[in-house]
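Morning, everyone. Please have the viewer open while I talk. I'll keep this brisk.

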Amino acid sequence: MSMIDNYVHVAGDSETPPGFHKACAISLAAACLQNRVWASTTKLSKLYPNLYTILLAPSGAGKGQAIQYALSYLNDDQKAGTGLYTGKATGAFLTDFLNSNSGKLEDGTTRVFLVYPELANSLGRKDLAQDFVTTVTDLFTGDLPTFMHGTRTSGLVKVGRPCVNWLAGSTKEWLGSTLQSSAVEGGFSARCMFVEGAYSAYRKWVPEYPVD
């Protein structure tokens, strides 16, 4: 039994789809590994474990429970070590976070573990959500030596080799009504792992944990 299988097994039997637990386990592992490990895809390219994982299901189907369970594996020091960020953030703030002490690592690289149990609450208005999506699409590559973001008011922000991991929950309806076709065509959906779930066929308010 693999580490991922053990994770799902220990989570117990509940209304939360097992596929959600498995996806969260993979996302959590990627956030802990950050850009310290990679696979060489070509001579000049490195593939880092940066994942955009989005759980898709109706409200109350277990997205939040799966994400909360994943975060329970991290103590305060580990949360800081992964660059955990939960809450609201615009695309511009995300680059500011990566450029701050919370996002920087000693070797000059940057990382963040974005956790949004409900995208509708975290991204807000459609224009802000669109800006955020285009930013994380640009940040996904990970092997750029420096990512630059500049505006007339805030000036130039330089982000050193970003490694972004993103774990989120959403309904298909909200995602479909918020994302513009240009975002999908621009490569955002190709960078995401969408994991779909549904309401459980039976009610189980308290999870049943394995005896072992």
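I'll go through helix packing, then pockets, then a cavity. One thing to keep in mind: this is a predicted model.

Let's start with two helices. Helix α1 covers residues 3–11. Helix α2 covers residues 18–33. They pack at an angle of about 130°, and their axes are 9 Å apart. How do we describe an angle like that? Angles over 145 degrees count as roughly antiparallel, 65 to 115 as roughly perpendicular, and under 35 as roughly parallel; the rest are oblique. That makes α1 oblique to α2. The crossing of these two helices, α1 and α2, is right-handed.

Who makes the contact? On the α1 side, find Met-3, Ile-4, Tyr-7, Val-8 and Ala-11. On the α2 side, the residues are Pro-18, His-21, Lys-22, Cys-24, Ala-25, Ile-26, Leu-28 and Ala-29. Sort the contact of α1 with α2 by class, and you get 11 nonpolar residues, one polar and one charged.

Now the other partner of α2. That is helix α3, and here the packing angle is about 35°. The axes of α2 and α3 lie 9 Å apart. The crossing of α2 and α3 is right-handed. From α2, the contact uses Phe-20, His-21, Cys-24 and Leu-28. From α3, it uses Lys-63, Ala-66, Ile-67, Tyr-69 and Ala-70. In this contact of α2 with α3, seven residues are nonpolar, one is polar and one is charged.

How much space lies in the largest pocket? About 350 Å³. It is lined by 19 residues. Closest to the centre of this largest pocket are Ser-14, Thr-16, Gln-65, Trp-205 and Pro-207. Which helix gives the largest share of this lining? Helix α3, residues 63–71, with four residues.

Next, the second largest pocket. Its space is about 170 Å³. Here is the lining: Met-3, Ile-4, Tyr-7, Ala-25, Leu-28, Ala-29, Cys-32, Tyr-73 and Leu-74. Two elements give two or more residues each to the lining of this second largest pocket, α1 and α2. The largest share comes from α2, with four residues. Now the classes. The lining of the second largest pocket has nine nonpolar residues, no polar and no charged.

Met-3, Ile-4 and Tyr-7 of α1 are in the contact with α2, and they line the second largest pocket. Ala-25, Leu-28 and Ala-29 of α2 are in that contact too, and they also line this pocket.

Last stop, the cavity. How many cavities of 30 Å³ or more does the structure hold? One. The space in this largest cavity is about 40 Å³. Look for Leu-119, Leu-123, Ala-129, Val-133, Trp-166, Trp-174, Leu-175, Thr-178, Leu-179 and Phe-188 around it. Helix α8 gives the most, with three residues. By class, the lining of the largest cavity has nine nonpolar residues, one polar and no charged.

That's my tour. Over to you.

Technical notes
Residues numbered from 1 in each chain as written. Predicted model: local features only at pLDDT ≥ 70, side-chain atom pairs only at ≥ 80, totals over all residues. Heavy atoms only, no water. Axes fitted to C-alpha atoms, helices over the stretch in contact; angles between N-to-C directions. Left-handed = near helix turned anticlockwise from the far one by under 90°. Contact = heavy atoms within 4.5 Å. Nonpolar A, V, L, I, M, F, W, Y, C, P; charged D, E, K, R; others polar. 1 Å grid on protein atoms, 1.4 Å probe; cavity = no way out; pocket = protein on both sides within 12 Å on 5 of 7 lines; lining within 4 Å. Points joined across faces, edges and corners; volume = space filled by probe spheres on them.
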